[in-house]
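Visitor: Hi! Could you walk me through this one?
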Amino acid sequence: MNIDAWLWWLIGAVGLGIPLVLTAMPEFGMFAVGAVAAAVTAAFGGGVVAQVLVFVIVSVALIAVVRSIANHHREQRPQHRTGIDALKGRSALVLERVDGSGGRIKLAGEIWSARTLDADSSFEPGQQVDVVEIDGATAIVM
């Protein structure tokens, strides 16, 4: 039985697609695309050297491009802070005197218990304060 080279490359592409599905490793998919490109080269009459070169060049190029795009997306920080991270750095209005032992502020439309970052400082009702961090259900302000 004599099978053409392009068919062997397609069998190889399918063989590389199986671990892609089973392991979710995208590199196998890129090798499969390289094998398909080598099959096309074989179908148009390219020699064995040309087929292997096309397979290697396409596979390596895909890995390099996709990896750089993935690294770029992984390094980007989320644009929107959520939860208590979104409250840090916001301004709040003092409702009841806030000092090192406690008090009340209005933060993001809600009433929060608060205490000062520096135990010696205090803020009177009506003053604006900045939230430094959130400790449980207490805002630390300055």
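Guide: Happy to; we'll start with a helix and then move to some strands. This is a predicted model, where local features need pLDDT of at least 70, side-chain atom pairs count only at pLDDT 80 or more, and totals for chains, interfaces and linings use all residues. Residues are numbered from 1 along each chain as its sequence is written, and side-chain values use heavy atoms, leaving out hydrogens and water.

Visitor: Which residues of H1 are buried?
Guide: Trp9, Ala13 and Gly17 are buried in H1. Buried means under 20% relative accessible area and exposed over 50%, with partly exposed in between (1.4 Å probe, protein chains only). Helices (H or I, at least four residues) and strands (E, at least two) are DSSP runs, numbered from the N terminus.

Visitor: And what do the buried residues of H1 pack against?
Guide: They pack against helix H2 (26–43) and helix H3 (48–75); contact means heavy atoms within 4.5 Å. On the other side of H1, Trp8, Val14 and Leu22 are exposed.

Visitor: New topic: is strand E4 parallel or antiparallel to E5?
Guide: Strand E4 (residues 128–135) runs antiparallel to E5, with four bridges joining them. Strands pair if DSSP finds at least two bridges between them. Strand E3 (residues 110–116) is also joined to E5 by four bridges, but that pair runs parallel.

Visitor: What sits between E4 and E5?
Guide: Two residues, in a hairpin; glycine 136 in the turn has a positive phi of about 70°.

Visitor: Are the faces of E5 covered or open?
Guide: Both are covered: Thr138 and Ile140 on one side, and Ala139 and Val141 on the other, are all buried.
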